[in-house]
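Please keep the sequence and the structure in view while reading.

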Amino acid sequence: MAEPEPTTAAAAPAPGRLRNAFGGVLCAFTLLLIGVLAFSIRLFSVIKYESVIHEFDPYFNFRVTQFLSKNGIYEFWNWFDDRTWYPLGRVIGGTVYPGLTLTAGSIWWLVNALNIPLSVETVCVFTAPIFSANASWATYLLTKEAKGTGAGLMAAAILAMVPSYISRSVAGSYDNEAVAIFALVFTFYLYLKTLNTGSLFYATLNALSYFYMVCSWGGYTFIINLIPMHVLLCIVTGRYSSRLYIAYAPLVILGTLLAALVPVVGFNAVLTSEHFASFLVFIILHVVAFVYYIKGLLTPRLFKVAMTLVITVGLAVCFAVVAVLVALVASSPTKGWSGRSLSLLDPTYASKYIPIIASVSEHQPPTWPSYFMDINVLAFLVPAGIISCFLPLSDASSFMVLYLVTAVYFSGVMVRLMLVLAPAACILSGIALSSAFDVLTRSMKFQLSKVFNDGSAVSGDSIAEGSTASNDTKGSSTSTVNTNSAKIENRTEKSEKPSKKNRKKDREVTGSVPVKPKKEKRLSVLPLEASVVGTLLLIVLGGFYVVHCVWAAAEAYSAPSIVLTSRSREGLHVFDDFREAYAWLSHNTDVDDKVASWWDYGYQTTAMANRTVIVDNNTWNNTHIATVGTAMSSPEKAAWEIFDSLDVKYVLVVFGGLVGYPSDDINKFLWMVRIGGGEFPHIKEPDYLRDGQYRVDSQATPTMLNCLMYKLCYYRFVETDGKGFDRVRGYEIGKKHFKLTHFEEVFTTHHWMVRIYKLKPQKNRIRGKLKKLKSSSKTSSTLAAGRKKNPWQ
Amino acid sequence: MAPSLHSLPTTVFLLILAVAVASAAAAASPSSPPGEDGIRVVAAEKRIDLTGPIVKVFLTLKVQNAASASEASYVLLAFTPTEVQHLAIVKATRAEGKRKKKTYVPLPVEPSHLADAPNGASLYAILLSTPLKPAETTTLELFYVLTHSLEPFPAEITQSESQLVYYRDSAVILSPYHVLEQATYIKMPSNRVESFTRVDPTSRSGPEVKYGTYSNQLPNSYLPILVHFENNHPFAVVEELVRKVEISHWGNVQITEQYKLRHGGARHKGVFSRLEYQSRQSISGASSFKNLLARLPPRVHSVYYRDEIGNISSSHLRSDSYKSELEFEPRYPLFGGWHCTFTIGYGMPLQDFLFQADDGRRYANLTFGCPLLDTVVDDLTIKVVLPEGSKSPEAVVPFLTEQHLETSYSYLDVVGRTTVVIKKKNVVGEHNVPFQVYYEFNPMFMLAEPLMLISALLFLFVTCIAYLHMDLSIGKSQAS
């Protein structure tokens, strides 16, 4: 951030230098405040609830971090987790994006090396807010590269509180995205920085930053596709320069090498289709570079000859490479794409072929209100930002536009990727607001100075020049920022223009005299009233945004989801059933007992209860999940057999019918049927539906009313109120009085939200048989023992 | 399964009976009266309180020294090996003065190795403040607490059953002296007494059983009895308690208590039905408990109650000027054999606990024991973390404990904080007495960490200034 000072200071006289120093300090201070804002707006969850890890995936990350901090990095890479996916287990070190864990782990290590007693949990809880502050600073840098300091500060402030990002990075939401957004923005910043300076130093940093992004999140493929797209765009629009080459070529080479170091990526970095675009563009870039090189060497006539030659050869090579790639890709069943990536390209793919991806709510396409909820007024500011990016279009601003357009597409496919859109929307809104304020304040200055110095009736543009000068002398906070931004804008223009004319030599530019775009200045002067009203309206708009963001942070996105609260007349009522159940499991069952539940609760069970689970949120084995789904949708005896074959001792179900908790297992049940039916055809979805409708009341099908999930959820439920009224579904349940034959209730939480059942041991029922046998005739015990094993093989 | 369960305690009982008979026989042999053969117990009354999970015994002994004997400086008390194992605390007082000016003087009690007792029984010596002259009579009031002495029988119960326990003792007082006249009263929590051993004369009135009066019992007599009765009192057992007391001279004493709690009663068996538990609270899970009460010092602040997976949001704090009471619930009701762990932490103002001794040393006056009411702590560890730079720490505890020193680090410590670790097993409410930790401390050490921070920041700024004013680039001279 202190970077622009030396150059401007060198050019300006002594008072200007002081002013710039003041501006720099002010800018730094503003950034500090933005960082504080970004951090503190995410603390609502800690203040309103408690310092606790949220939701599902963060619990896994937390558990991994605990392991890392306890056992060290080498143990972490080699960690085979036998507490999950029983009996398969899971290789954690090779299947996890380690960026977040390593980040939090090293923060914890550093803090403890200084003898500050912070627990791993505390560090994990506050990692996301810390990285949000980092992300807003990175946004400042990125926007500054494109449009100058003013836009940078604006964008940073907007990003600090954009609800979409808050939803993934409140304190306690310890998930990959929290760190990844920072890495994403910072990588883009370094790319643009390299593109603007042509410095190999930044190119190397860029590759390292990309490496960090690869470590952090699967979304790194977005970077490795977006940057090539931009490079291609630059080449196509005739913006090729050696800076572009320096910005791109080291990134591909170093970045790919580094990415291949991450175990979860490994050879995927060169083998899967997600990465091919970058290599293709890499080749194209070289061809283009070669063409420019030849062009410089040869006379125009010779060049034409050479050109045809090179193009034919180049195309031939390209076709060959493409053909090989296509052949490679076509040989793999998924065409080399992972399921999630495919569902990005074809939004209907998942719902057709992979129910397990479709069953996750964050993989659904978003609705319109969610756009308003997540980016609010930014949705209206973004078009203005795009226009502003075209005046004038630079390499950097074209990148912004490209980033926005692709991000909008992806966010339209998956709710989750709204998160990628958020920085783009913030940056463009920041640019829009900044240039709007720029225009408005400048014309206010101009009009005011015209009112005061009535005598000097000079032409518009010269006064506009003067107004910028007077701006400088007054030096109020906004105007300083504005002038700063104007200067930097000019500077970038300076460095842009010659590069268009003379494509090879871009270093010499710095000394050249700035060419002021006079026409623009004349256009941008507005009437005083209009500019005052415009400024006020923009401030009001900003105010709305801030209010919305604070509301979203405080009310919508801060709930940790493992603790629920409801407000009643007597005050706050806390539903802490999940932790009650997990604590019970952890203290009152054997360490090696296996707990079966739907996969949503897998991570929490392993992290909080420290018990082995059959399936968890890392949905890597569809068959295994389908087995649990089948068991849940089978009748009691068949389910018992499946669970017994998996060595399961306890079955955990989440039931919201008593208190009205809607995301319970009965509402998720159709997915269990679908996923189970996908692998085991004897489970048929229509058997559970009455006339295509999913219901558990008296109209429900007998299959539904006899399946394990129904029984475990509603066992003795009718005795609570005498009717069996389910508050989530809003009707009385279908089958009210029934007994469990193969399972016994061992624990139900205070609000009945979690119910834990134990598989009855075999001998109980065998003994019944034995008694019968004994009553008929005194048979030998060997016969009984022989029969004992029979039924459950 | 059932008959074998029945038979086991019975055999145990028979075994004990046999041992006891043997011991009684041994006691009857003339060689046994040990030590001071001059003392005899004129009258004894033993009141056993079985209403709670902890057995409390009040023993009144009227002791007389023989006319011919020499002065007696102590009186011996005998315990069986099982009693010694479960004995948490023994207190003795001696009544002095006549009727109206009667005062009770506490007397020290020590395990005695002076004389052997038969069958592994242990002797404790009550050291008299003024020796007992020949032919003098005095009254000793004894109080002792036995933990884990109520054995649940049946050992496993379902949710709807109530908890029955066995208590084993002797109808007569085990004593190395001749006891002329004695009676034993056993008080139980309710009228539901399943059975009790009869050693005539024995009488029962409501929840109380009286053994005696017996007269002229020989030394070391033992008549085993067994009482079987209902006790639905919560058997809360803290298996392990680590109390960490951090003293900061900036004005705060921070206490962190980590509990490992267990329901020590009859094990829960089979189904736990929340429905039954919620709808029929009086009969369902009678022996379970869901509330605990901790008595904390007055003026505590920032109290928290959590476990390893987060905050537990079911606690109430009531404070007045004498005490604070923290009423809290574990995450789930505890049935027999169920465990839970939790942490309670609170801060207290320093001036209530830290004082300056006459010799210039400082001392922290803290309370020993466990703030939970009616609980047994099997294993108590108190760690008093003194401020960094404290020297020559010394803990003064009124009873025998195991002590050692440690060094712990927190909040930017360089040399570490001296930590006094005090350990004791089998702690009950009667152990909640003040103890002192003396140490030397130079207030200059309080400034060490702020100064360290200041210098670190100073260094940072100086580095920044130096960096901004230095030109480290290689190509710069060329450009200019």
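The account below turns to the aromatic rings and then to the interface.

The model is a predicted one, and over all its chains the count of aromatic pairs comes to 58. The table sets out two of these pairs.

| Ring pair | Distance of centres | Angle of planes | Class |
|---|---|---|---|
| B:Phe328 and B:Phe342 | 5.3 Å | 65° | edge-to-face |
| B:Phe368 and B:Phe399 | 5.0 Å | 80° | edge-to-face |

The planes of B:Phe328 and B:Phe342 stand at 65°, so the pair is edge-to-face, given that angles over 60 degrees fall into that class. This pair joins distant parts of the chain, since B:Phe328 belongs to strand E24 (residues 324–328) of chain B and B:Phe342 to strand E25 (residues 339–349) of chain B, 14 residues apart. B:Phe328 is buried, with a relative accessible area of 1%, and B:Phe342 is buried as well, with a value of 2%.

In the second pair, the rings of B:Phe368 and B:Phe399 have their planes at 80°, so they too are edge-to-face. Here the two partners lie in loops of chain B and are 31 residues apart: B:Phe368 is in the loop between strand E27 (362–367) and strand E28 (376–385), while B:Phe399 is in the loop between strand E29 (391–396) and strand E30 (402–408). B:Phe368 counts as buried, at 1% relative accessibility.

Ring pairs also link residues of chain A and chain B into a cluster, whose members are A:Trp584, A:Tyr650, A:Phe747, B:Phe272, B:Tyr277, B:Tyr332, B:Phe335 and B:Trp338. Within chain A, arginines lie over ring faces: A:Arg42 over A:Tyr165, at 4.9 Å from the ring centre, and A:Arg674 over A:Trp671, at 4.7 Å from the ring centre.

What does the interface of the two chains comprise? The contact takes 27 residues from chain B and 27 residues from chain A, and the area buried between them is about 2400 Å², of which carbon and sulfur atoms give 53%. Of the area that chain B buries against chain A, B:Arg274, B:Leu275 and B:Ile309 supply 27%, more than any other three residues.

Across this interface there are 4 salt bridges; the side chains of B:Arg274 and A:Glu580 meet in a salt bridge at 2.7 Å, N to O. Polar contacts between chain B and chain A amount to 20 residue pairs. On the side of chain B that touches chain A, the elements giving two or more residues are helix H3 (274–279), strand E21 (301–307), strand E22 (310–311) and E25 of chain B, and the largest share, 4 residues, comes from H3(B).

Technical notes. Residues numbered from 1 in each chain as written. Chains lettered and ligands numbered in written order. Predicted model: local features only at pLDDT ≥ 70, side-chain atom pairs only at ≥ 80, totals over all residues. Heavy atoms only, no water. Phe/Tyr/Trp six-rings, centres within 6.5 Å; stacked < 30°, edge-to-face > 60°. Buried < 20%, exposed > 50% of the residue type's maximum accessible area, 1.4 Å probe, protein only. Lys NZ or Arg CZ within 6 Å of the ring centre and 35° of its normal. Contact = heavy atoms within 4.5 Å. Buried area = accessible area lost by both parts, 1.4 Å probe. Polar contact = N/O pair within 3.5 Å; in protein donor to acceptor, adjacent residues only side chain to side chain.
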